[in-house]
Amino acid sequence: MIDAHCHLDLYQNPANVIREIEHQGLYVIAVTTTPKAFEGNLRFVGSSKRIRVAVGLHPELVKDRACEIDLLCSSIPNTKYVGEVGLDGRSEYKASFGLQKEILRTVFSACLDAGGRIISIHSRSAASAVLDEIERMPGLGQPILHWFSGTDRELDRAINMGCWFSVGSAMLTTKRGIVIASKMPIDRILTETDGPFGMVNRRPLMPWDVKRSVNELAVIFNISAYEVEKHIYKNLRSLLECVSEPLPP
Ligand code: MN
């Protein structure tokens, strides 16, 4: 199973979570919300074979952390994964929206310079603007829109542009989330939790809760959970091929 967007460092006890990830043989992309957190994450993830650490700067933090952009860009050559980055267009982040765009453009350009990266992207209330930025930068790598919540037209546009999607149980608690997921091409979907932010029944999702989204996607696509897992594993394999990463054991 795969958790393609998880904030490993924000759980109460990351060491225990890592142990359980190893025990269950999960594949995890550990996103970070600040470039400074990246090095620390690399240290505590250690030699874990199936956990990959992404370097990011969350759009909600851009207003206070824009000064870390140089650190972010200088870390990109050291990892194949970038995230969480993106844009947030909600009113509380409107004041920093111009700065968010500037930062995202700089990050995408660094991804392009590095030969392309797997990028986990936040696009809340800003799907069109995020797609505009992706479109401006061909060769940036493989964008994965995490917890996508745009309109049908924005979803169609994202699909036509070759974007991938990561889908979690928190997204699938809403009717709209289910409708969006049902329209995604199954060969471009990965499971995620967005834990500990992603919650179901007021409980933070744990990386192994991706099992829930596998079952939910099985219902949505009217196939067995086993078929969903097969698709997702195949998707992971082709995703890693695009950055020449070997599939973990
Ligand atoms: Mn997140």
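Two strands pair if DSSP finds at least two bridges between them. Helices (H or I, at least four residues) and strands (E, at least two) are DSSP runs, numbered from the N terminus.

This is a predicted model, in which local features need pLDDT of at least 70 and side-chain atom pairs count only at pLDDT 80 or more, while totals for chains, interfaces and linings use all residues. Residues are numbered from 1 along each chain as its sequence is written, and side-chain values use heavy atoms, with hydrogens and water left out.

**Stop 1: the three-stranded sheet**

Select E1, E2 and E3, which form an open sheet in that order with parallel pairing. Strand E1 (2–6) and E3 stand at the edges with a single partner strand each, so one side of each has no neighbour in the sheet. From one strand to the next the twist averages 15 degrees; axes are lines fitted to C-alpha atoms, for helices over the stretch in contact, and angles run from 0 to 180 degrees between N-to-C directions. E1 and strand E2 (residues 27–30) run parallel and are joined by three bridges.

**Stop 2: the manganese ion**

Select the manganese ion next. Its protein donors are His5 (NE2), His7 (NE2), Glu84 (OE) and Asp194 (OD), lying 2.2 to 2.3 Å from it. Donors here are N, O and S atoms within 2.8 Å of the metal (3.2 Å for Na, K and Ca); water is not among the atoms, so sites may look incomplete. The sequence spacing of the donor residues is H-x1-H-x76-E-x109-D. Histidine 5 and histidine 7 are both buried (buried means under 20% relative accessible area, exposed over 50%, partly exposed in between; 1.4 Å probe, protein chains only).

Now show histidine 58, in the loop between strand E3 (51–53) and helix H3 (62–65). Histidine 58 is buried, with a relative accessible area of 8%. Leaving aside residues up to four places away in sequence, histidine 58 touches Thr33, Glu84 and His122, where contact means heavy atoms within 4.5 Å.

**Stop 3: the five-stranded sheet**

Select E4 to E8. These five strands form an open sheet in the order E4-E5-E6-E7-E8, with parallel pairing. Strand E4 (81–86) and strand E8 (189–192) are the edges; each has a single partner strand, so one side of each is left without a neighbour in the sheet. The twist averages 30 degrees from one strand to the next.

Zoom in on E4, where six of six residues are buried. Four bridges join E4 to strand E5 (residues 117–122), and the two run parallel. Glycine 86 stands opposite histidine 122 in E5, and valine 85 opposite isoleucine 121 in E5. From E4 the chain crosses through helix H5 (residues 97–113) to E5, and this β-α-β crossover is right-handed: with the strands pointing away from the viewer, the path from the first strand over the helix to the second runs clockwise.

**Stop 4**

In helix H8 (residues 175–182), select Gly177, Ile180 and Ala181, which are buried. Seen down the axis of H8, its buried residues fall within an arc of 100 degrees, so they line one face of the helix; the arc is that of the directions from the helix axis to the C-beta atoms. The buried residues of H8 pack against helix H7 (152–160), E7, E8 and H9. Helix H9 (residues 210–221) lies across strand E7 (164–168) and E8, running at about 140 degrees to E8.

Finish at alanine 225, in helix H10 (residues 225–241). Alanine 225 is partly exposed, with a relative accessible area of 22%. Beyond residues up to four places away in sequence, alanine 225 touches Val214, Asn215 and Ala218.
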